[in-house]
Amino acid sequence: MIELRHLRQFIAVAEELSFRRAAERIHIDQTPLSRTIRDLEDQLGVQLFVRMPRKLRLTPAGARLLKEAHKLFVRLERTRRVVRATDASYRAPLRIGVADGIAQPKLSECFTGWQALAPETPLELSDLTADEMAVALRCEEIDVGISFGLPDDEALAQEVGWSFPLVALLPIGHELASSEMLALTDLLSFPFISYKADRQPGLLQQMRAIVQRYRPQLTIAGEACSLTGYFTRIAAGMGIGLVDIDHVATLRREDIVAVPLQEEERIVTYVLHKHQRFGLSDELQRFLTHAKSLN
């Protein structure tokens with residue numbers, strides 16, 4: 001009976017045209033390799049190689065077998081993928097809630113990396129407001145949340161996933177827009193666009209903590225529900241703002257200038273989950289470890 005190992009070893013010999021090189025390639029001794037090829041020839045009833053003093057040459061039958069063997073392994077790989085995909089479709093997914101407004105390239109990097117790391121566990125993504133995320137985590141309707149942070153809740157754990165430096169956002173034509181670098185004290189002397197507490201509580205809390213270190217008294221020119229709304233208000237000249245540099249890469253706009261800051265201030269993206277009395281599942285712990293490794 002012809003086995004897959006016969007064909008794998010035949011392919012190595014056929015491609016190398018040398019028992020020695022083929023044996024080195026697949027890490028076996030030449031003697032059993034030669035015996036395998038003899039067994040294959042006996043089972044097929046054909047000669048696969050012309051054996052010459054210093055080299056091998058494929059016979060027409062050997063050349064055809066090489067072509068068919070390659071096709072067979074391609075079909076086997078396709079079959080393996082289809083079976084694994086079918087199995088994955090019936091496995092419980094990892095349910096992830098993404099905070100309304102987050103559009104960082106790092107987020108897609110996280111999900112792409114996870115699918116390569118754990119292809120057997122599909123992802124189920126939901127876009128949620130802050131309130132919806134807190135409820136979904138507490139009720140275990142989702143397993144993980146990705147957010148700039150939620151109000152403190154003893155039922156929920158908030159772990160640092162990754163962080164990015166802040167940059168200043170200015171409308172085209174602003175007097176500071178041509179600066180190569182800005183100090184926060186100078187930037188914050190201008191009217192500032194903030195975030196709504198009910199829609200972006202974590203981002204608002206982080207921004208307030210940073211801003212108050214440099215200018216406790218701030219002129220608030222407006223509040224945005226989302227990052228796209230934030231950018232739009234700044235582009236319209238309603239005020240200046242701050243945002244993490246990863247979102248600048250996503251929301252590229254020609255009507256806004258992003259200027260680096262002299263100070264090293266960062267915005268943190270958190271990975272959230274519900275505290276579990278008996279510990280986290282292995283799959284959830286793997287995802288948390290993966291997400292936090294991206295920082």
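The side chains of Arg80 and Glu77 are joined by a polar contact of 2.6 Å (a pair of N or O atoms within 3.5 Å; within protein, one able to donate a hydrogen and the other to accept it, with residues adjacent in sequence counted only if both atoms are side-chain atoms). The model is predicted, with local features requiring pLDDT of at least 70 and side-chain atom pairs pLDDT 80 or more, while totals for chains, interfaces and linings use all residues. Residues are numbered from 1 along each chain as its sequence is written, and side-chain values use heavy atoms, without hydrogens and water.

Arg80 belongs to helix H4, residues 60-89. Its relative accessible area is 39%, so Arg80 is partly exposed (buried is under 20%, exposed over 50%, partly exposed in between; 1.4 Å probe, protein chains only). Val259 lies 179 residues from Arg80 along the chain, and their C-alpha atoms are 50 Å apart.

The protein chain holds eleven helices and eleven strands (DSSP runs: H or I of at least four residues, E of at least two, numbered from the N terminus). Along the principal axes, the C-alpha atoms fill a box of roughly 90 × 50 × 30 Å.

Of the 295 residues, 42% are buried. Among contacts with a separation of 6 or more, 74% join residues 24 or more positions apart (contact: heavy atoms within 4.5 Å).
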